[in-house]
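This report walks through a few features of one protein chain for a reader who is new to structures. Please look at the sequence and the model before reading on.

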Amino acid sequence: MQTNFLSHQFNTGFLAENSTACPANATICDGTSCVLPEDNFNQTLSVVLSTVLTIMLALVMFSMGCNVELKNFLSHIKRPWGIFVGFLCQFGIMPLTAFLLSLAFNILPIQAVVVLIMGCCPGGTASNVIAYWVDGDMDLSISMTTCSTLLAMGMMPLCLFIYTKMWTDSDAIVLPYDSIGLSLVALVIPVSFGIFVNHKWPSKAKIILKVGSIVGAVLIVLIAVVGGILYKGSWIISPKLWIIGTIFPAAGYSLGFLLARVAGLSWHRCRTVSLETGMQNTQLCSTIVQLSFSPEQLELMFTFPLLYSIFQLLFALLILGGYRLYRRYHIKTKTDVEKTAQKEDPKSSAKINGGFVSDVMK
């Protein structure tokens, strides 16, 4: 007993003398095992970065709007075949793919629900930036993002009701309509200003567009990195979710492109629909998950939206790299032929980065 007492005194004295054994602000100290006060750094960092990223995103969407011509945008609204195809992809292909992947990998019910929530979310704004870099139809891209966000108010509850019945009560899922509404406002207002600037000062709009497209590309990567830092302790999840997180965005891109091509859309619109289909609003998915489930349930699947976000970005960059290589080595050799054809055919209104081509003219 005395030996134990002396040992205890020695340990106590050693800890008192050696401040490196345990930090001074530790609430509990047992040898080298210390319990520190709750650190609010991540919470503060999250608030600050969310504010900064929201402002930056609004500026990027303003610059994207500088590449949209009002008459072409309205043409998509009046003749919404491209928007309709995108609607089928967004709220048809993606929820069904999520459902089939959940069945195929036989994941836990709570994990299946988060995969389905991701599949039912509207398109994300990152797709507009990538669509610009792959010479997509910017008028169609922004109109699809706007319409899918607006229609999500009704389509998300409907899709979740249909597909989650076998795993959970759809009433248990809390849909943050205020977040959806804010996403819509954050998209529509900056884009509207961009369209106005493009209409009034087209030369200045081109400069803003160039700067904004570069900032947008950096912002997309920054969001992925920040997400990895903030949630670095949540990466231990089921290997099945890792596999689904890899397959799901790739399937969205591929099936979106295929359906758009079957529907008879031009190549640059197929690229646009593909990106709008595969790139989901992962921030909205994370919000729904946090509102709907307990901390114990969140441990099983909270990281999935971030996982999907990273892989959707990686595949988007692969698409961008592949297209740029194709354009460099294939299209470049046809430049003179294309210029001659455009001079001979005054009706040809195809335009890189957002040109509207009437389906009648094709």
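How many aromatic pairs does the count come to by the rule used here? The count comes to seven aromatic pairs, where rings of Phe, Tyr and Trp (its six-membered ring) pair if their centres lie within 6.5 Å, and planes under 30 degrees apart count as stacked, over 60 as edge-to-face and the rest as tilted.

## Basis of the model

This is a predicted model, in which local features need pLDDT of at least 70 and side-chain atom pairs count only at pLDDT 80 or more, while totals for chains, interfaces and linings use all residues. Residues are numbered from 1 along each chain as its sequence is written, and side-chain values use heavy atoms, leaving out hydrogens and water.

## Two aromatic pairs

The rings of Phe87 and Phe91 have centres 5.7 Å apart and planes at 55°, so this pair is tilted. Phe87 is partly exposed, with a relative accessible area of 26%, whereas Phe91 is buried at 7% (buried means under 20% relative accessible area, exposed over 50%, and partly exposed in between, with a 1.4 Å probe and protein chains only).

The rings of Phe248 and Tyr308 have centres 5.3 Å apart and planes at 80°, so they form an edge-to-face pair. Both Phe248 and Tyr308 are buried.

## A charge over a ring

Arg261 lies over the face of Trp267, at 3.9 Å from the ring centre, and Lys165 lies over the face of Phe161, at 5.2 Å; this requires NZ of Lys or CZ of Arg to be within 6 Å of the ring centre and within 35 degrees of the ring normal.
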